[in-house]
Structure formats: C-alpha cells, structure tokens
Amino acid sequence: MTEDVSSPGLVLLGVAATTAGLLGMAAVQANRATTVTGGMDLHIHKMGANAGEGAAARPTTTVKRLSCEKLPNVPGHSITTALIEFPPNAYTPRHRHPGSVTAFVMKGALRSQMEGSLAVTYTQGQTWFEAPGAIHAFAENASATEPAELLAIFVAEDDCGPLTIPVAE
C-alpha cells in the first residue's frame with residue numbers, strides 16, 4: 001500500500017513512520033558498490049538477486065559525497081552532505097545508516113519504506129528524517145521515465161566514515 005504525502009503536517013507524521021534512505025539510495029551492499037576516488041567519493045550501487053523481484057534489471061543509484069566536516073561542538077561526530085541520483089525506475093535494497101539522516105527531495109518523486117511502516121511517496125521539496133540504525137526496506141524512483149534527486153545530510157560518528165550499513169534480507 002502506498003500513501004502519498006501532500007502537506008507539511010503529513011510529512012511530519014510520515015517522518016516518524018518512515019525513519020532511515022531513504023538514504024538507502026546510498027546503500028552499499030558489500031561488494032556491490034564501486035568507489036571512484038578523487039576529491040569527493042562517488043558510489044555506484046549495483047542491484048543483486050536479493051534486491052527484490054526484477055531488481056537486477058533495474059537501474060542503480062549514484063551517491064556523490066559533496067562534503068564532510070568534523071563537528072567541533074560534538075566531538076567524535078561529523079556531518080556529511082551527499083547527492084543521490086535516481087535514474088528512472090532506480091531501486092535501492094534494504095539497509096540502515098550509522099547516524100541520523102535528513103533527506104530533501106530536490107527533483108522528481110521517491111518512494112520509500114521503513115521496516116514496519118507503509119511505503120510513502122515523497123515529491124520535490126519534501127523532507128524526512130531517519131533515526132540511527134532504523135531499517136530501510138527499500139527506496140526507489142517513483143517514475144519509470146523521469147530522474148529523481150535527493151540531498152541527504154548525515155550526522156554520525158567515525159569522522160566521515162561509511163554512510164550505510166548493508167542489512168541481510
């Protein structure tokens with residue numbers, strides 16, 4: 001069942017129900033991610049057989065780490081900003097994050113489901129929050145023809161370490 005979020009009040013309710021990807025879009029599934037170095041990190045996520053029925057044939061997301069800074073007022077923590085690009089019909093599998101995540105849909109529409117909650121479709125300009133360690137069942141571009149983009153802001157330990165943690169199906 002999919003619920004469309006259309007007002008700021010519903011977004012706040014959806015936030016509580018859909019906490020962690022959506023930055024799943026940034027999911028690094030063991031050896032299924034390729035990292036390109038040089039300035040900022042770039043992760044290209046590849047779908048595996050366990051990513052859902054037909055997921056192996058679906059396009060992948062691209063995560064571009066834009067910045068990462070240590071937080072001087074919160075020792076041992078950092079803030080990382082990343083742009084996640086979803087080609088049409090792109091899908092990200094089950095994962096979680098080591099810290100808090102705030103997500104902002106910059107373009108298109110993204111469908112996301114947190115474990116134990118209904119799937120929610122977020123459109124341009126909408127935001128949500130993901131609690132540390134919450135299981136993100138999946139995230140996908142809601143369109144089969146238009147790209148979508150997400151700006152994600154992570155606050156976590158480990159001084160700009162990994163943004164996602166794979167979770168077995």
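Predicted model: local features only at pLDDT ≥ 70, side-chain atom pairs only at ≥ 80, totals over all residues.
Strand E5 spans residues 77–86. Seven of its ten residues are buried, that is, under 20% relative accessible area, so the strand is largely enclosed by the rest of the structure. In a regular strand the side chains alternate between the two faces of the sheet.

Strand E5 pairs with strand E4, which covers residues 62–70. The pairing of E4 and E5 is antiparallel and comprises eight bridges. Within this pairing, Thr80 of E5 stands opposite Cys68. The two strands form a hairpin with six residues between them, and in this hairpin Gly76 adopts a positive phi near 85°.

Strand E5 is also joined to strand E13, residues 148–157, by ten bridges. E5 and E13 likewise run antiparallel. Here Ile84 is placed opposite Leu150 of E13.

The largest cavity has a volume of about 80 Å³. Its lining consists of 13 residues, and those nearest the centre of the cavity are Phe154, Ala156, Gly161, Pro162 and Leu163. E5 and E13 are the elements that give two or more residues to this lining. The greatest contribution to the lining comes from E13, with three residues. By residue class, the lining of the largest cavity comprises six nonpolar, five polar and two charged residues.

Note on methods
Residues numbered from 1 in each chain as written. Heavy atoms only, no water. Buried < 20%, exposed > 50% of the residue type's maximum accessible area, 1.4 Å probe, protein only. Helix = DSSP H or I, 4+ residues; strand = E, 2+ residues; numbered from the N terminus. Pairing = 2+ DSSP bridges. 1 Å grid on protein atoms, 1.4 Å probe; cavity = no way out; pocket = protein on both sides within 12 Å on 5 of 7 lines; lining within 4 Å. Points joined across faces, edges and corners; volume = space filled by probe spheres on them. Nonpolar A, V, L, I, M, F, W, Y, C, P; charged D, E, K, R; others polar.
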